[in-house]
Amino acid sequence: MKKIFLGEDNLPKKWYNVLPDLPEPLPKPIKPTGEPLTPKDLKPIFPKELIKQEFAEERWVDIPEEVRSVYSLWRPTPLMRATRLEKFLKTPARIYYKYEAVSPPGSHKPNTAVAQAFYNAQEGVERLTTETGAGQWGSALAFSTMLFGLKCTVYMVKVSYEQKPYRRILMQLWGAEVIPSPSTKTKAGRAILEKDPQSPGSLGIAISEAVEDAVVHENTKYSLGSVLNHVLLHQTIIGLEALEQMKSIDEYPDIVIGCVGGGSNFAGISYPFYGETVAKKAPKDVEFLAVEPTASPSMTKGVYTYDHGDTARLTPLLKMYTLGHDFVPPPIHAGGLRYHGAAPTLSLLVKHGKFRSIVYDQVSVFKAAQIFAQTEGFVPAPETAHAIKAVIDEALKAKETGEEKVILFNYSGHGLLDLKAYDDYLSGKLQPYYYPREKIERSLSKLFELYPNIYKTQK
Ligand SMILES: Cc1ncc(COP(=O)(O)O)c(C=O)c1O
(Lines give C-alpha, C1' and ligand atoms only; values in the text may rest on other atoms or scores of the structure.)
Protein backbone atom coordinates (compact mmCIF):
# COMPACT_ATOMS: atom_id res chain seq x y z
CA MET A 1 0.00 0.00 0.00
CA LYS A 2 1.31 3.44 -0.92
CA LYS A 3 -0.81 5.73 1.30
CA ILE A 4 -2.37 4.96 4.67
CA PHE A 5 -5.15 7.33 5.62
CA LEU A 6 -6.94 7.96 8.89
CA GLY A 7 -10.53 9.21 8.72
CA GLU A 8 -11.34 12.68 10.04
CA ASP A 9 -13.36 11.01 12.79
CA ASN A 10 -10.13 9.49 14.05
CA LEU A 11 -8.34 12.81 14.47
CA PRO A 12 -6.82 12.48 17.98
CA LYS A 13 -8.73 14.15 20.81
CA LYS A 14 -5.73 14.50 23.14
CA TRP A 15 -2.06 15.39 22.86
CA TYR A 16 0.58 13.23 24.57
CA ASN A 17 2.73 14.87 27.25
CA VAL A 18 6.14 13.22 27.65
CA LEU A 19 6.97 14.89 30.99
CA PRO A 20 5.73 12.08 33.28
CA ASP A 21 7.54 9.49 31.15
CA LEU A 22 11.03 11.02 31.20
CA PRO A 23 13.82 8.95 32.77
CA GLU A 24 14.26 11.63 35.46
CA PRO A 25 12.29 14.78 36.30
CA LEU A 26 12.99 17.54 33.79
CA PRO A 27 15.42 20.06 35.34
CA LYS A 28 13.44 23.23 36.08
CA PRO A 29 14.06 26.35 34.00
CA ILE A 30 15.93 28.96 36.06
CA LYS A 31 16.48 32.71 36.15
CA PRO A 32 20.00 34.19 35.74
CA THR A 33 20.12 34.47 39.55
CA GLY A 34 19.88 30.68 39.78
CA GLU A 35 16.36 30.73 41.28
CA PRO A 36 13.77 28.44 39.67
CA LEU A 37 11.43 30.04 37.18
CA THR A 38 7.79 30.14 38.26
CA PRO A 39 4.70 30.13 36.02
CA LYS A 40 4.17 33.77 37.11
CA ASP A 41 7.48 34.78 35.48
CA LEU A 42 6.17 33.69 32.09
CA LYS A 43 2.96 35.76 32.30
CA PRO A 44 4.29 38.79 30.37
CA ILE A 45 4.97 36.64 27.31
CA PHE A 46 2.56 33.68 27.28
CA PRO A 47 -1.17 33.18 27.93
CA LYS A 48 -2.22 31.27 31.07
CA GLU A 49 -3.26 28.07 29.33
CA LEU A 50 0.07 27.64 27.56
CA ILE A 51 1.96 28.29 30.80
CA LYS A 52 -0.17 25.58 32.42
CA GLN A 53 0.72 23.20 29.59
CA GLU A 54 4.41 24.08 29.89
CA PHE A 55 4.45 22.70 33.43
CA ALA A 56 1.70 20.06 33.01
CA GLU A 57 2.29 16.72 34.68
CA GLU A 58 -0.67 14.80 33.24
CA ARG A 59 0.13 12.41 30.41
CA TRP A 60 -2.81 13.44 28.19
CA VAL A 61 -4.05 16.95 27.41
CA ASP A 62 -7.41 17.62 25.68
CA ILE A 63 -7.28 19.24 22.24
CA PRO A 64 -9.95 21.98 22.14
CA GLU A 65 -12.71 21.45 19.56
CA GLU A 66 -11.87 24.81 17.91
CA VAL A 67 -8.31 23.58 17.33
CA ARG A 68 -9.44 20.17 16.04
CA SER A 69 -11.78 21.94 13.67
CA VAL A 70 -8.89 23.93 12.13
CA TYR A 71 -6.67 20.82 12.12
CA SER A 72 -9.33 19.09 10.02
CA LEU A 73 -8.48 21.46 7.12
CA TRP A 74 -5.51 19.14 6.42
CA ARG A 75 -5.36 16.51 9.20
CA PRO A 76 -5.07 13.59 9.64
CA THR A 77 -2.09 13.71 7.28
CA PRO A 78 -1.32 10.64 5.16
CA LEU A 79 1.30 8.09 6.09
CA MET A 80 3.16 7.15 2.91
CA ARG A 81 5.27 4.15 2.01
CA ALA A 82 8.38 5.09 0.01
CA THR A 83 8.21 2.03 -2.23
CA ARG A 84 10.00 3.65 -5.16
CA LEU A 85 12.86 4.81 -2.93
CA GLU A 86 13.08 1.28 -1.45
CA LYS A 87 13.31 -0.18 -4.95
CA PHE A 88 15.95 2.34 -6.01
CA LEU A 89 18.07 1.52 -2.95
CA LYS A 90 17.41 -2.23 -3.39
CA THR A 91 16.84 -2.42 0.34
CA PRO A 92 14.77 -4.98 2.24
CA ALA A 93 13.81 -2.13 4.63
CA ARG A 94 10.27 -0.78 4.54
CA ILE A 95 10.29 3.01 4.61
CA TYR A 96 7.30 5.04 5.81
CA TYR A 97 6.94 8.78 6.06
CA LYS A 98 4.38 11.01 7.71
CA TYR A 99 3.53 13.65 5.12
CA GLU A 100 3.20 16.91 7.09
CA ALA A 101 3.67 19.00 3.93
CA VAL A 102 -0.10 18.99 3.21
CA SER A 103 -0.82 21.82 5.67
CA PRO A 104 -1.58 25.20 4.07
CA PRO A 105 1.84 26.66 5.05
CA GLY A 106 3.50 23.41 3.92
CA SER A 107 4.98 22.03 7.14
CA HIS A 108 4.30 20.58 10.60
CA LYS A 109 4.51 24.04 12.19
CA PRO A 110 0.78 24.92 12.21
CA ASN A 111 0.12 21.98 14.58
CA THR A 112 1.29 24.23 17.40
CA ALA A 113 0.67 27.63 15.75
CA VAL A 114 -3.07 26.94 15.58
CA ALA A 115 -3.20 25.89 19.23
CA GLN A 116 -1.15 28.89 20.37
CA ALA A 117 -3.22 31.38 18.36
CA PHE A 118 -6.41 29.83 19.79
CA TYR A 119 -5.35 30.10 23.47
CA ASN A 120 -4.08 33.66 23.00
CA ALA A 121 -7.28 34.76 21.26
CA GLN A 122 -9.34 33.12 24.02
CA GLU A 123 -7.50 35.19 26.63
CA GLY A 124 -8.01 38.51 24.81
CA VAL A 125 -4.50 38.95 23.38
CA GLU A 126 -4.53 41.17 20.27
CA ARG A 127 -1.12 40.64 18.68
CA LEU A 128 1.49 37.88 18.59
CA THR A 129 5.19 38.37 17.90
CA THR A 130 7.57 35.67 16.80
CA GLU A 131 10.81 34.79 15.06
CA THR A 132 11.25 32.68 11.98
CA GLY A 133 14.22 30.99 10.34
CA ALA A 134 13.31 29.52 7.00
CA GLY A 135 9.93 31.26 7.13
CA GLN A 136 8.05 28.02 7.76
CA TRP A 137 7.21 28.90 11.36
CA GLY A 138 6.40 32.53 10.57
CA SER A 139 4.03 31.49 7.82
CA ALA A 140 2.39 28.93 10.13
CA LEU A 141 1.78 31.61 12.76
CA ALA A 142 0.61 34.17 10.18
CA PHE A 143 -1.90 31.60 8.91
CA SER A 144 -3.09 30.67 12.41
CA THR A 145 -3.39 34.21 13.81
CA MET A 146 -5.44 35.14 10.74
CA LEU A 147 -7.90 32.33 11.50
CA PHE A 148 -8.40 33.55 15.09
CA GLY A 149 -8.46 37.31 14.31
CA LEU A 150 -5.09 38.28 15.84
CA LYS A 151 -2.37 40.55 14.44
CA CYS A 152 1.06 39.05 13.87
CA THR A 153 4.61 40.47 13.73
CA VAL A 154 7.35 38.16 12.46
CA TYR A 155 11.10 38.80 12.91
CA MET A 156 12.64 36.84 10.07
CA VAL A 157 16.34 35.84 10.17
CA LYS A 158 17.92 38.21 7.64
CA VAL A 159 19.70 35.57 5.55
CA SER A 160 16.39 33.73 5.05
CA TYR A 161 14.51 36.99 4.41
CA GLU A 162 16.91 37.57 1.54
CA GLN A 163 17.03 33.97 0.29
CA LYS A 164 13.34 33.21 0.64
CA PRO A 165 11.12 36.08 -0.56
CA TYR A 166 8.22 33.72 -1.25
CA ARG A 167 7.67 32.84 2.39
CA ARG A 168 7.71 36.54 3.27
CA ILE A 169 5.01 37.08 0.64
CA LEU A 170 3.01 34.17 2.05
CA MET A 171 3.15 35.69 5.55
CA GLN A 172 2.12 39.08 4.20
CA LEU A 173 -0.71 37.48 2.21
CA TRP A 174 -2.03 36.04 5.47
CA GLY A 175 -1.82 39.52 7.01
CA ALA A 176 1.43 39.49 9.03
CA GLU A 177 4.05 42.23 9.32
CA VAL A 178 7.50 40.79 8.46
CA ILE A 179 10.74 42.43 9.67
CA PRO A 180 14.27 41.26 8.73
CA SER A 181 16.30 40.50 11.88
CA PRO A 182 18.53 41.91 13.29
CA SER A 183 16.45 45.09 12.90
CA THR A 184 16.57 48.61 14.27
CA LYS A 185 13.09 48.15 15.79
CA THR A 186 14.36 46.70 19.06
CA LYS A 187 17.18 47.35 21.54
CA ALA A 188 18.41 43.78 21.04
CA GLY A 189 18.54 44.18 17.25
CA ARG A 190 20.29 47.56 17.43
CA ALA A 191 22.96 46.15 19.77
CA ILE A 192 23.76 43.33 17.33
CA LEU A 193 23.89 45.70 14.34
CA GLU A 194 26.25 48.05 16.17
CA LYS A 195 28.73 45.18 16.67
CA ASP A 196 28.19 43.59 13.25
CA PRO A 197 26.26 45.61 10.64
CA GLN A 198 26.53 42.64 8.24
CA SER A 199 25.11 40.11 10.72
CA PRO A 200 23.20 37.39 8.78
CA GLY A 201 20.98 37.02 11.86
CA SER A 202 20.13 33.81 13.68
CA LEU A 203 17.11 32.30 15.37
CA GLY A 204 18.58 33.32 18.75
CA ILE A 205 18.76 36.99 17.72
CA ALA A 206 15.28 36.97 16.18
CA ILE A 207 13.83 35.44 19.37
CA SER A 208 15.38 38.29 21.40
CA GLU A 209 13.70 40.85 19.16
CA ALA A 210 10.30 39.16 19.22
CA VAL A 211 10.35 38.71 23.03
CA GLU A 212 11.35 42.34 23.57
CA ASP A 213 8.56 43.54 21.26
CA ALA A 214 6.00 41.49 23.22
CA VAL A 215 7.24 42.61 26.64
CA VAL A 216 7.20 46.35 25.85
CA HIS A 217 3.77 46.41 24.16
CA GLU A 218 0.27 46.08 25.64
CA ASN A 219 -1.96 43.14 24.74
CA THR A 220 0.93 41.58 22.87
CA LYS A 221 2.35 38.15 23.59
CA TYR A 222 5.16 36.11 22.15
CA SER A 223 4.90 32.78 20.41
CA LEU A 224 7.70 30.22 20.03
CA GLY A 225 7.77 27.64 17.23
CA SER A 226 9.87 24.96 18.90
CA VAL A 227 11.92 23.93 21.98
CA LEU A 228 9.37 24.50 24.76
CA ASN A 229 7.30 21.70 26.31
CA HIS A 230 3.93 23.05 25.17
CA VAL A 231 5.12 23.32 21.55
CA LEU A 232 6.37 19.73 21.51
CA LEU A 233 3.13 18.64 23.19
CA HIS A 234 1.04 20.06 20.32
CA GLN A 235 3.27 18.36 17.75
CA THR A 236 2.58 14.90 19.19
CA ILE A 237 -0.53 14.82 17.02
CA ILE A 238 1.89 13.67 14.26
CA GLY A 239 3.11 10.59 16.10
CA LEU A 240 -0.31 9.76 17.55
CA GLU A 241 -1.79 9.60 14.06
CA ALA A 242 1.25 7.69 12.73
CA LEU A 243 0.88 5.14 15.53
CA GLU A 244 -2.74 4.44 14.54
CA GLN A 245 -1.87 4.34 10.85
CA MET A 246 1.00 1.88 11.35
CA LYS A 247 -1.09 -0.32 13.61
CA SER A 248 -3.87 -0.36 10.99
CA ILE A 249 -1.49 -2.14 8.59
CA ASP A 250 0.15 -4.30 11.25
CA GLU A 251 3.44 -2.46 11.13
CA TYR A 252 5.60 -0.96 13.86
CA PRO A 253 8.82 1.01 13.38
CA ASP A 254 12.24 -0.33 14.35
CA ILE A 255 13.57 3.19 14.03
CA VAL A 256 11.96 6.65 14.05
CA ILE A 257 13.92 9.44 12.37
CA GLY A 258 13.50 13.22 12.21
CA CYS A 259 15.56 16.34 11.67
CA VAL A 260 16.18 18.64 14.62
CA GLY A 261 16.29 22.42 14.75
CA GLY A 262 14.71 23.01 18.15
CA GLY A 263 13.27 19.49 18.22
CA SER A 264 9.53 19.94 17.64
CA ASN A 265 8.87 17.85 14.52
CA PHE A 266 11.09 15.03 15.70
CA ALA A 267 9.52 15.03 19.17
CA GLY A 268 6.13 15.18 17.48
CA ILE A 269 6.61 11.98 15.56
CA SER A 270 8.74 10.12 18.12
CA TYR A 271 7.31 10.86 21.60
CA PRO A 272 4.10 8.82 21.19
CA PHE A 273 6.24 5.78 20.21
CA TYR A 274 8.64 6.49 23.08
CA GLY A 275 5.58 6.67 25.39
CA GLU A 276 4.60 3.18 24.23
CA THR A 277 8.06 1.83 25.05
CA VAL A 278 7.86 3.35 28.54
CA ALA A 279 4.39 1.85 29.06
CA LYS A 280 5.77 -1.48 27.77
CA LYS A 281 3.14 -1.46 25.02
CA ALA A 282 5.60 -1.37 22.11
CA PRO A 283 5.83 -4.79 20.42
CA LYS A 284 9.58 -4.35 19.85
CA ASP A 285 12.55 -2.18 20.76
CA VAL A 286 12.45 1.13 18.93
CA GLU A 287 15.44 3.30 18.11
CA PHE A 288 15.07 7.08 17.91
CA LEU A 289 17.44 9.02 15.67
CA ALA A 290 17.69 12.83 15.61
CA VAL A 291 19.45 14.39 12.63
CA GLU A 292 21.33 17.69 12.82
CA PRO A 293 23.37 19.75 10.34
CA THR A 294 27.19 19.74 10.71
CA ALA A 295 26.92 23.55 10.77
CA SER A 296 24.86 23.64 13.98
CA PRO A 297 25.26 20.32 15.85
CA SER A 298 23.75 21.22 19.25
CA MET A 299 23.10 17.71 20.55
CA THR A 300 25.98 15.98 18.80
CA LYS A 301 28.74 18.47 19.69
CA GLY A 302 27.27 20.81 22.29
CA VAL A 303 27.27 20.56 26.08
CA TYR A 304 24.33 19.67 28.32
CA THR A 305 23.97 22.66 30.59
CA TYR A 306 21.83 25.68 31.41
CA ASP A 307 21.66 28.30 28.67
CA HIS A 308 19.39 31.01 27.36
CA GLY A 309 17.09 30.28 24.44
CA ASP A 310 18.02 33.59 22.79
CA THR A 311 21.07 35.71 22.06
CA ALA A 312 20.14 38.79 24.10
CA ARG A 313 19.50 36.62 27.20
CA LEU A 314 15.89 37.77 27.60
CA THR A 315 14.57 34.23 27.96
CA PRO A 316 15.10 32.07 31.06
CA LEU A 317 17.87 29.51 31.27
CA LEU A 318 16.87 26.04 30.11
CA LYS A 319 18.86 22.87 30.74
CA MET A 320 19.59 21.58 27.26
CA TYR A 321 22.30 20.70 24.77
CA THR A 322 23.70 24.01 23.57
CA LEU A 323 26.45 25.51 21.48
CA GLY A 324 26.22 28.73 23.52
CA HIS A 325 23.52 31.37 23.05
CA ASP A 326 25.73 33.73 21.06
CA PHE A 327 26.85 31.03 18.60
CA VAL A 328 25.77 32.18 15.14
CA PRO A 329 25.69 29.16 12.83
CA PRO A 330 26.96 29.50 9.26
CA PRO A 331 24.19 30.53 6.82
CA ILE A 332 23.24 27.06 5.54
CA HIS A 333 20.08 26.63 3.48
CA ALA A 334 18.21 24.64 6.14
CA GLY A 335 17.44 27.89 7.99
CA GLY A 336 15.10 26.11 10.40
CA LEU A 337 17.97 24.01 11.77
CA ARG A 338 20.21 26.99 12.61
CA TYR A 339 19.55 27.05 16.35
CA HIS A 340 22.14 26.91 19.14
CA GLY A 341 20.07 24.77 21.52
CA ALA A 342 17.64 21.84 21.52
CA ALA A 343 14.41 21.15 23.39
CA PRO A 344 15.05 20.32 27.09
CA THR A 345 12.97 17.12 26.97
CA LEU A 346 14.76 15.86 23.87
CA SER A 347 18.14 16.86 25.33
CA LEU A 348 17.39 14.84 28.46
CA LEU A 349 16.41 11.79 26.41
CA VAL A 350 19.65 12.05 24.41
CA LYS A 351 21.67 12.47 27.61
CA HIS A 352 20.13 9.25 28.97
CA GLY A 353 20.91 7.40 25.74
CA LYS A 354 17.21 6.81 24.96
CA PHE A 355 17.55 8.88 21.77
CA ARG A 356 20.60 9.21 19.52
CA SER A 357 21.78 12.11 17.37
CA ILE A 358 23.80 12.22 14.17
CA VAL A 359 25.07 14.99 11.84
CA TYR A 360 25.27 15.45 8.06
CA ASP A 361 26.67 18.24 5.91
CA GLN A 362 24.34 20.09 3.57
CA VAL A 363 25.88 18.78 0.34
CA SER A 364 25.24 15.13 1.26
CA VAL A 365 21.79 16.19 2.47
CA PHE A 366 20.84 17.80 -0.86
CA LYS A 367 22.10 14.72 -2.68
CA ALA A 368 19.68 12.65 -0.59
CA ALA A 369 16.89 15.16 -1.30
CA GLN A 370 17.50 14.77 -5.02
CA ILE A 371 17.32 10.98 -4.77
CA PHE A 372 14.00 11.35 -2.95
CA ALA A 373 12.65 13.81 -5.53
CA GLN A 374 13.71 11.51 -8.37
CA THR A 375 12.12 8.42 -6.81
CA GLU A 376 9.11 9.53 -4.76
CA GLY A 377 8.61 12.75 -6.72
CA PHE A 378 8.11 15.05 -3.75
CA VAL A 379 10.65 17.84 -3.19
CA PRO A 380 11.48 18.04 0.52
CA ALA A 381 12.35 21.14 2.55
CA PRO A 382 16.13 21.33 3.14
CA GLU A 383 15.43 20.65 6.85
CA THR A 384 13.43 17.52 6.03
CA ALA A 385 16.18 16.39 3.68
CA HIS A 386 18.45 15.89 6.70
CA ALA A 387 16.08 13.17 7.92
CA ILE A 388 15.98 11.67 4.42
CA LYS A 389 19.78 11.38 4.32
CA ALA A 390 19.70 9.38 7.57
CA VAL A 391 16.82 7.24 6.24
CA ILE A 392 18.80 6.37 3.11
CA ASP A 393 21.86 5.45 5.20
CA GLU A 394 19.74 3.25 7.50
CA ALA A 395 18.11 1.58 4.50
CA LEU A 396 21.54 0.88 2.97
CA LYS A 397 22.73 -0.59 6.28
CA ALA A 398 19.69 -2.88 6.23
CA LYS A 399 20.63 -3.91 2.71
CA GLU A 400 24.05 -5.02 3.96
CA THR A 401 22.61 -7.01 6.84
CA GLY A 402 19.55 -8.22 4.95
CA GLU A 403 17.30 -6.96 7.76
CA GLU A 404 13.67 -6.12 6.94
CA LYS A 405 13.91 -2.99 9.03
CA VAL A 406 10.84 -0.78 9.37
CA ILE A 407 11.87 2.86 9.11
CA LEU A 408 9.53 5.71 9.94
CA PHE A 409 10.44 9.34 9.39
CA ASN A 410 8.78 12.69 9.55
CA TYR A 411 8.41 14.48 6.23
CA SER A 412 8.25 17.80 8.06
CA GLY A 413 7.75 20.09 5.06
CA HIS A 414 7.92 20.57 1.31
CA GLY A 415 10.69 22.43 -0.45
CA LEU A 416 8.71 24.13 -3.19
CA LEU A 417 9.57 27.54 -1.77
CA ASP A 418 13.22 26.53 -1.31
CA LEU A 419 14.10 26.17 -4.96
CA LYS A 420 16.90 28.76 -4.66
CA ALA A 421 18.68 26.28 -2.38
CA TYR A 422 18.17 23.51 -4.95
CA ASP A 423 19.47 25.85 -7.66
CA ASP A 424 22.64 26.45 -5.62
CA TYR A 425 23.00 22.70 -5.14
CA LEU A 426 22.50 21.89 -8.82
CA SER A 427 24.99 24.55 -9.90
CA GLY A 428 27.62 23.26 -7.45
CA LYS A 429 27.57 26.38 -5.26
CA LEU A 430 26.78 24.66 -1.95
CA GLN A 431 29.49 24.38 0.71
CA PRO A 432 29.69 21.43 3.11
CA TYR A 433 29.86 23.64 6.25
CA TYR A 434 31.35 22.05 9.33
CA TYR A 435 30.84 23.43 12.80
CA PRO A 436 33.51 25.94 13.66
CA ARG A 437 34.86 24.32 16.86
CA GLU A 438 36.66 27.49 18.02
CA LYS A 439 33.48 29.55 17.64
CA ILE A 440 31.54 27.07 19.75
CA GLU A 441 34.25 26.89 22.40
CA ARG A 442 34.45 30.68 22.58
CA SER A 443 30.73 30.98 22.94
CA LEU A 444 30.57 28.29 25.65
CA SER A 445 33.42 29.70 27.71
CA LYS A 446 31.71 33.11 27.64
CA LEU A 447 28.60 31.38 28.96
CA PHE A 448 30.51 29.78 31.85
CA GLU A 449 32.09 33.14 32.75
CA LEU A 450 28.74 34.86 32.68
CA TYR A 451 27.10 32.72 35.35
CA PRO A 452 29.87 31.26 37.55
CA ASN A 453 27.30 30.75 40.34
CA ILE A 454 25.25 28.40 38.17
CA TYR A 455 28.03 26.56 36.34
CA LYS A 456 30.05 25.85 39.48
CA THR A 457 27.48 23.18 40.22
CA GLN A 458 26.28 22.39 36.70
CA LYS A 459 29.42 21.91 34.61
C1 LIG B 1 10.22 21.96 7.37
C2 LIG B 1 10.93 22.09 8.68
N3 LIG B 1 11.37 20.98 9.27
C4 LIG B 1 12.03 21.05 10.45
C5 LIG B 1 12.28 22.25 11.08
C6 LIG B 1 13.06 22.27 12.35
O7 LIG B 1 12.36 22.68 13.48
P8 LIG B 1 11.95 21.68 14.63
O9 LIG B 1 13.20 20.97 15.07
O10 LIG B 1 11.38 22.51 15.70
O11 LIG B 1 10.97 20.75 14.06
C12 LIG B 1 11.81 23.44 10.50
C13 LIG B 1 12.03 24.73 11.15
O14 LIG B 1 11.74 25.77 10.67
C15 LIG B 1 11.12 23.35 9.26
O16 LIG B 1 10.67 24.45 8.67
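This is a predicted model: local features need pLDDT of at least 70, side-chain atom pairs count only at pLDDT 80 or more; totals for chains, interfaces and linings use all residues.
Residues are numbered from 1 along each chain as its sequence is written.

Let me start with the whole chain. The secondary structure comes to 18 helices and 15 strands, where helices (H or I, at least four residues) and strands (E, at least two) are DSSP runs, numbered from the N terminus. For 459 residues a compact globule would have a radius of gyration near 23 Å, and the protein chain, with 20 Å, agrees with that; the radius is taken over C-alpha atoms, and the globule rule is 2.2 Å times the number of residues to the power 0.38. Along its principal axes, the C-alpha trace spans about 55 × 50 × 50 Å. Buried residues make up 57% of the 459, a residue being buried if 20 or more other C-beta atoms lie within 10 Å of its own, exposed if 12 or fewer, and partly exposed in between, with C-beta atoms placed from the backbone. Of the contacts with a separation of 6 or more, 76% are between residues 24 or more positions apart, contact meaning that the C-beta atoms, placed from the backbone, lie within 7 Å.

Now to the sheet. Four strands form an open sheet with parallel pairing, in the order S8-S7-S6-S9, and two strands are said to pair if DSSP finds at least two bridges between them. Strand S8 (177-181) and strand S9 (220-222) stand at the edges with a single partner strand each, so one side of each is left without a neighbour in the sheet. From one strand to the next, the twist averages 25 degrees. Within this sheet, strand S6 (residues 127-132) and strand S7 (residues 151-157) pair in the parallel sense over six bridges, and Arg127 stands opposite Lys151 in S7. Helix H9 (residues 203-216) packs on the sheet, touching S6, S7, S8 and S9, and its direction makes about 170 degrees with that of S6; axes here are lines fitted to C-alpha atoms, for helices over the stretch in contact, and angles run from 0 to 180 degrees between N-to-C directions.

Elsewhere, strand S15 (residues 406-411) is mostly covered, with five of its six residues buried. Six bridges join S15 to strand S5 (residues 94-99), the two running parallel, and Tyr97 stands opposite Phe409 in S15. Strand S10 (residues 255-259) also pairs with S15 in the parallel sense, over three bridges, and there Ile255 has Ile407 as its bridge partner.

What surrounds the ligand? The shell holds 21 residues, the closest being Gln136, Ser226, Gly261, Gly336 and Gly413, where near means that the C-beta atom, placed from the backbone, lies within 6 Å. Helices H5 (136-147), H11 (264-278) and H15 (382-401) each supply at least two shell residues, and the largest share, three residues, comes from H11.

Finally, a loop residue. Pro32 is found between strand S2 (14-16) and helix H1 (48-54), and is partly exposed, with 14 other C-beta atoms within 10 Å. Leaving aside neighbours within four places in sequence, Pro32 is in contact with Leu317 and Tyr451.

Key
Two residues are in contact if their C-beta atoms, placed from the backbone, lie within 7 Å.
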